[in-house]
Structure formats: C-alpha cells, structure tokens
Amino acid sequence: MRREEPLICKIPREELGKFLKWLEDNHAPVYGLKKEGEKVTFGKISGPHDIYLGGVRSLHPYTKTLFLPPRERVARYFGEEDLPTVEEKKIIFGFKACDLRALAIYDIMFDDTVPSDPFYLAKRESYYIISFDCTEVLPTCFCVFVDGNPYPESKFDLNLTLLEDIIIMEVGSPWGEEVVKKYPTWLAEPEDIKRRDLFREEMKKKVMEVNKEFFPLSKPLTYLLRTHFDSPVWEEKSQTCVACGGCTAICPTCYCYTLYDEEGEKTNERIRIWDYCQYPGFAQEAGGANPRKKRMERFRHRYAHKFDYGMVRKGVYECTGCGRCISVCPGKIDMREVLLALDQEELKKGKENAA
Ligand code: SF4
Ligand code: SF4
C-alpha cells in the first residue's frame, strides 16, 4: 500500500493573529504557552502578542499538568456515580516535540492498556493540539540523542514551523485537516518544504553542538544501563542527590502516582496524586521491606526506568531529552554526565579486555 504523504499547507506569517481569531470564532478557545518577562507560563491566549512563538520547551511540564493532574479524584464511595467528563474543547498552542513525546508515553501507559484509564481518556478528548517546531535550543536539550528531534513528528493535530515570511502547517489529524481546508491556507510548494527541512536540519545541528562533550556514546543507552548495574558510577554520581524528588516532579515522563482515601462530608473520595521514586518510602511494601532503601538505589532506578525498562516493555525510551531535570536539580546532577561516565567505564572495560 502506498504511504500517504502528510498534508502540508502555509499561511503568511503576519496572518497569525487572524488565524488565532478564526480558531476562537470557529472552533474553541485558545490556550497555550505565553511569555511573561523571562518566564514561560500557560494560560488563555488573547492574541499574537500574547503567545510564546516557537522558542523552546517551558520549564514547567504543562503536558503532565494538563493530562495527568497533580491531584485528581478518581472515585467516590457510597455517593452518586462519578464518571470522568470530557471538558469543553480547548485548543492548546505551543507544545514542543519533547512535550508531545511525553504524550506518546502517556498514551502507551494510560490508553493502550487493559483497562485503559478513563480519566486520562477524557482529557485526551478535551484538547486539540497545535504544536511548534523549536526555534531555539537550551544548553540542557538533548532530544536528538534519545530518538527525538527538535520538531514534532506525531501526536499533534497541526504542527507549525515558523519561517521568516511564512508559517508551514503540517496536518496530523482529521481536525487539523478540517482547519487547513476551511481556513484560507495555500498548499506548501516543494520549495517551502525544502526550506522547512533545511531549518530543521540547522536546529538538529544546534542540539548536537550543545551536547558535543557528552554525545554520541559508544554504546546504546539500554545496553549501558543493563550491563553497568553494579558500577561505582551510581554511588559516585548520586553523592550530591538530596532525594528532593525535583527531577521526577519536573519530568514530563514521570507518571507514577499514589492513591489515598479522603473523608468527605457525605462520601469518601479516592484521590490520585503524583508520587516520586526518589523518596525513601516510594517502594516500601506493607510488610516493611524496601527494595530501594538506599539513595543510590533510587537514583539508579530512575535511570534504568528511563533508558531500559521502557525499551523492554514498549520499545521506547521514557526520556524525551527535554533536560528539565538538569535545570532543577539542587545537587547539580546532569543526567548526560552520568550516562557519559557509564560509557567511559564501558570503553575502559573494552580496552582492558583487548589488552
Ligand atoms: S533533583 Fe537532584 S537532588 Fe533532587 S532527587 Fe533528583 S537527582 Fe536528587
Ligand atoms: S529524565 Fe530529564 S531529560 Fe528525560 S524527560 Fe525527564 S526531565 Fe526530561
């Protein structure tokens, strides 16, 4: 069967305001990433001046907050039925490739499962996603080295690439197709697509440039994790970890949670909240045993989850290379340095074996 090419259109760049208004008038309210001083925040978009165009991922993992809220009621006892509801549709503007790769992981964990999670599914139904190519690179970005790219490749309804004079729109869903067919867009010419692809190559090179002291490694990450379980690297690199859980809280692909019951006035409620594997009690069992009592064991577990377990279970890294955990760690732990140290150990082992 012939592969269907994605539908790619364009509009003049100065038409962004008109496009936003048209979306609001014809589809749904537009929310998204906004720039407030140095901070990137999230909220209702009032016009093109208000929106964080292109740029790079926000520090806060908004994909996680929206689709897997930090606190959510998932059941109510002895009261009226409490089924998840699809909210009034909203359009989300501005997610980047690493945000959407997190969404792909949630889909695997909460949708492709039996049974799937009805609360997650209701949220998936509540949003249209208009994503953007990154137009900047942070010193902490490493998406290209964990099977990603600085431009979205799936999980969007529409993806926008900002060039100097035009905005290229790639369709990713029937809703996205409806938008480009009803809004007066032009079909992108081969020359436009070539310009977009060149721009993307440049962005990839920038990601490689900021990582040249860490990557590429000599062996796949999964191999390194599997073969260096007893490495002294874990003890050494976890020395400055204070088990604050910041890396897991900020990580868009850390989706672990815990459940507890809360007493209400008439009914009791079951609440789901984020939980962090870096906390000492995370893995503790009811009988008191704890398989990851030591800080080093919890530290190592996080890396194994990101680069080994996801590969075994679903064929994906559970890390998008967004670098958020590097930005927030009070112990100044850089995930890339840890991976590099494992690789150096591997190279040393190879040399010793060859001698
Ligand atoms: S953010 Fe840093 S210090 Fe805090 S738990 Fe994670 S690795 Fe440890
Ligand atoms: S582990 Fe770090 S770099 Fe990877 S997705 Fe999580 S926050 Fe981003």
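In the description that follows, Ala, Val, Leu, Ile, Met, Phe, Trp, Tyr, Cys and Pro count as nonpolar, Asp, Glu, Lys and Arg as charged, and the others, Gly among them, as polar. On this basis, the shell around ligand 2 in this predicted model divides into seven nonpolar, four polar and three charged residues. The shell holds 14 residues, of which the closest to ligand 2 are Cys 251, Cys 319, Cys 322, Gly 323 and Cys 325. The elements that contribute two or more residues to it are helix α10 (295-314) and helix α11 (324-328).

An open sheet of eight strands, with mixed pairing, has the order β3-β2-β5-β6-β7-β8-β1-β9. Its edge strands, each of which pairs on one side only, are β3 (39-44) and β9 (186-187). Strand β2 (residues 30-36) is joined to β3 in the antiparallel sense over six bridges, and Lys 35 has Val 40 of β3 as its bridge partner.

Within this sheet, strand β7 pairs in the parallel sense with β6 over three bridges, and in that pairing Ile 130 stands opposite Leu 158 of β7. With β8, by contrast, β7 runs antiparallel and is joined by five bridges; here the bridge partner of Leu 158 is Val 171 in β8. Three residues lie between β7 and β8 in the hairpin that the two strands form. In a regular strand the side chains alternate between the two faces of the sheet. In β7, Leu 158, Leu 160 and Leu 162 lie on one side and Asn 159 and Thr 161 on the other, and all are buried. Because five of the five residues of β7 are buried, this strand is largely enclosed by the rest of the structure.

Helix α1 (residues 16-26) lies across several strands, including β5 (90-93), to which it runs at about 155°. Helix α6 (residues 190-210) lies across β1, β7 and β8, and its direction makes an angle of about 90° with β8.

The largest nonpolar core contains 33 residues, among which Phe 142, Leu 225, Trp 234, Tyr 303, Phe 307, Met 335 and Leu 339 touch the most other members. At least two residues of this core are supplied by each of α7 (221-227), α8 (233-237), α10, α11 and α12 (335-354), and the largest share, six residues, comes from α12.

Finally, Asp 275 is found in the loop between β11 (268-274) and α10. Leaving aside residues up to four places away in sequence, Asp 275 touches Cys 256, Tyr 257, Thr 258 and Phe 282.

Definitions and conventions
Residues numbered from 1 in each chain as written. Chains lettered and ligands numbered in written order. Predicted model: local features only at pLDDT ≥ 70, side-chain atom pairs only at ≥ 80, totals over all residues. Heavy atoms only, no water. Near = heavy atom within 4 Å. Helix = DSSP H or I, 4+ residues; strand = E, 2+ residues; numbered from the N terminus. Contact = heavy atoms within 4.5 Å. Pairing = 2+ DSSP bridges. Axes fitted to C-alpha atoms, helices over the stretch in contact; angles between N-to-C directions. Core = buried A, V, L, I, M, F, W, Y, C linked by side-chain atoms within 4.5 Å. Buried < 20%, exposed > 50% of the residue type's maximum accessible area, 1.4 Å probe, protein only.
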